[in-house]
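Colleague: Before I use this model, I should like to hear the grounds for each term applied to it. Please set each value against its definition.

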Amino acid sequence: MSAENKSTPAPPDAQRSPAGRDSERSAQGDNHGQSEEDHVRSAQAERDEEIAEIQQHAKHQPPQIQKPPEVPPAPPRKALMMVGVLLLVLLVAGGITFFLRVNHERALAKETERETIPTVAVVYPQSEKPDEDLILPGSLQAFEESPIYARTSGYLVRWYKDIGSPVKKGELLAHIDTPEVDQELDQTRAARAQTLAQMELAKISADRWENLRKTDSVSAQEADQQVSGYKQSQANLAAADANVRRLEQLEGFKDIYAPFTGVLTKRNVDPGALINAGAGAAGRELFDIARVDPLRVFTSVPQAYAPFIRVGEKTNITLQEFPGEKFSATIARTAESIDPSTRTLLTEVDVPNKDGRLLPGSFGEVHFAVGTNVNKVTVPVNAMLFRSEGPQVAVIGPGGKVQLRRISIGRDYGTTLEILGGVAPTDQVVVNPADSLEDGQQVNVAQAPGNPQQQPAQTAPQGQPSQQNQHKNQNQNQNKR
């Protein structure tokens, strides 16, 4: 503010204070006694005068607020461009963030799905050279075998043959004492004698009444009654005869005879034992007899060899207790039907046993000279699945999906199994399959196995050891040194 403005005197009216003016106006109003309307007008005029004085005084006052520096306005196009670039940057950043998040979620979903798919190890089946002989396990059984029960009740008096004894058909084996049956037979015979006497009396009476009827001495009704009584006596005699024969046959069962030629394999009673008739719950088996010449051998032939099994052809049987010895046999009969659960043909082979060297119940091997080129492969024993449908293996199919195939098993080599049908050398077979593995399930292969065509040969020419045997012999020689 300048010095000139500071030294400028204020107007006289302005130097008076508002209180003084109010008192002056009040005094003037009191002195003159103006009316109320004049007082209002004078008050309004004074206010206008005060306002004018204030405005006049404000004109001489310097400005107290400084104005901001003037900035030239930005061009409109440049501002819009900056806003558009900022929005574009924000959109690009948001799009990149969203894209990264989607890719992360997809990768996580793929990884989770990959973890849920089981990983399996696979092998290729090994091809084998076709054999001309088919060797199958078989169980030797007696040609005929029968348990012997008592047909009458009583006490065992004595047995005449023990286990292992050869017996002939009709030979006595044991004797049973039947006192109750004996007494019942005597009673039945006495009752028959009574019935016979009654029948003879009825016959005499019937003849007499028939003669009296001719002379009309008796009525026809009375004569018919006598004839009917005679016929009834004849029927009672026939019943008594049948009862006597029944007890006589029971008496005949007191002696136990061999039903056929064979060997006693069991004896379950001793003298003095109580014997109950029949083979029910109360019955007791006395002996077991078996016909051991010839013997039956039952074996199951795989479906691949079934067409080459013919009834009447010769074959051989070997047993471990007779090493190097073969017993000639004959194919007796087949089931003529493939078992759907095992895909095998039940075959019976009969082997002569005149000298009794072969024992029923023994385990042997049947050699069938089939002379066929059936393709066979071997797989590890831990590749087989045991299901209700039968033995199966899991094979990797197209698209990495599992295929459960039923197999036909030949020989068991311990660590490997001979498979006669169901898989090929080019199939990838799962090793140690899980019990929960299902047909059509997606799996991952742990590692790709080698080409089966590049695998080393399993056999070597006759007279030359295989490479594996050569390496084994070399190692053994080095160890000896």
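Modeller: I begin with the largest nonpolar core, which has 24 residues; V301, I317, V349, V351, L358 and F368 touch the most other members. The elements that give two or more residues to this core are β3 (134-149), β10 (285-302), β11 (314-319), β12 (322-339), β13 (344-351) and β14 (363-368). The model is a predicted one.

Colleague: What makes this set of 24 residues a nonpolar core?

Modeller: The term requires buried residues of nonpolar kinds, such as Val, Ile, Leu and Phe, joined through side-chain atoms within 4.5 Å. V301, I317, V349, V351, L358 and F368 are members of such a set. In general, nonpolar side chains tend to be buried together in soluble globular proteins.

Colleague: Which residues is V349 in contact with, leaving aside its neighbours within four places in sequence?

Modeller: With that exclusion, V349 is in contact with L295, R296, V297, T315, I317, A329, T330, I331, A332, V366 and F368. Contact here requires heavy atoms within 4.5 Å. There is also a second, separate core of 17 residues, which includes I148, L156, L173 and A273.

Colleague: How do you know that β4 and β6 pair?

Modeller: Pairing needs at least two bridges.

Colleague: What makes β4 and β9 a pair?

Modeller: The two strands are joined by two bridges in the antiparallel sense, and at least two are required, so β4 and β9 count as paired. Y155 has L274 in β9 as its bridge partner.

Colleague: Why are β7 and β9 said to stand at the edges?

Modeller: The open sheet has four strands in the order β7-β6-β4-β9, with antiparallel pairing. β7 (255-257) and β9 (274-275) each have a single partner strand, so one side of each is left without a neighbour in the sheet.

Colleague: How do you know that the span of helix α6 agrees with its number of residues?

Modeller: Helix α6 (residues 179-214) has 36 residues, which should span 52 Å at 1.5 Å a residue; the end C-alpha atoms are 53 Å apart, so the two values agree. After α6 comes D216, with a positive phi near 60°.

Colleague: Which residues of α6 and α7 are called buried, and what covers them?

Modeller: Buried means under 20% relative accessible area. In α6 the buried residues are V181, L185, T188, T195, M199, A202, S205 and A206, and their cover includes α7 (220-252). In α7 they are A223, Y230, S233, L237, A240, D241, V244, L247, L250 and E251, with α6 included in their cover.

Colleague: What is the predictor's confidence over residues 1-20 and 451-481?

Modeller: Over residues 1-20, pLDDT stays under 50, and the model has 12 contacts for them beyond four places in sequence. Over residues 451-481, pLDDT also stays under 50, with 10 such contacts. For the protein chain, the mean pLDDT is 78, and 78% of residues reach 70 or more.

Terms used. Residues numbered from 1 in each chain as written. Predicted model: local features only at pLDDT ≥ 70, side-chain atom pairs only at ≥ 80, totals over all residues. Heavy atoms only, no water. Expected span 1.5 Å × (residues − 1). Buried < 20%, exposed > 50% of the residue type's maximum accessible area, 1.4 Å probe, protein only. pLDDT = per-residue confidence, 0-100.
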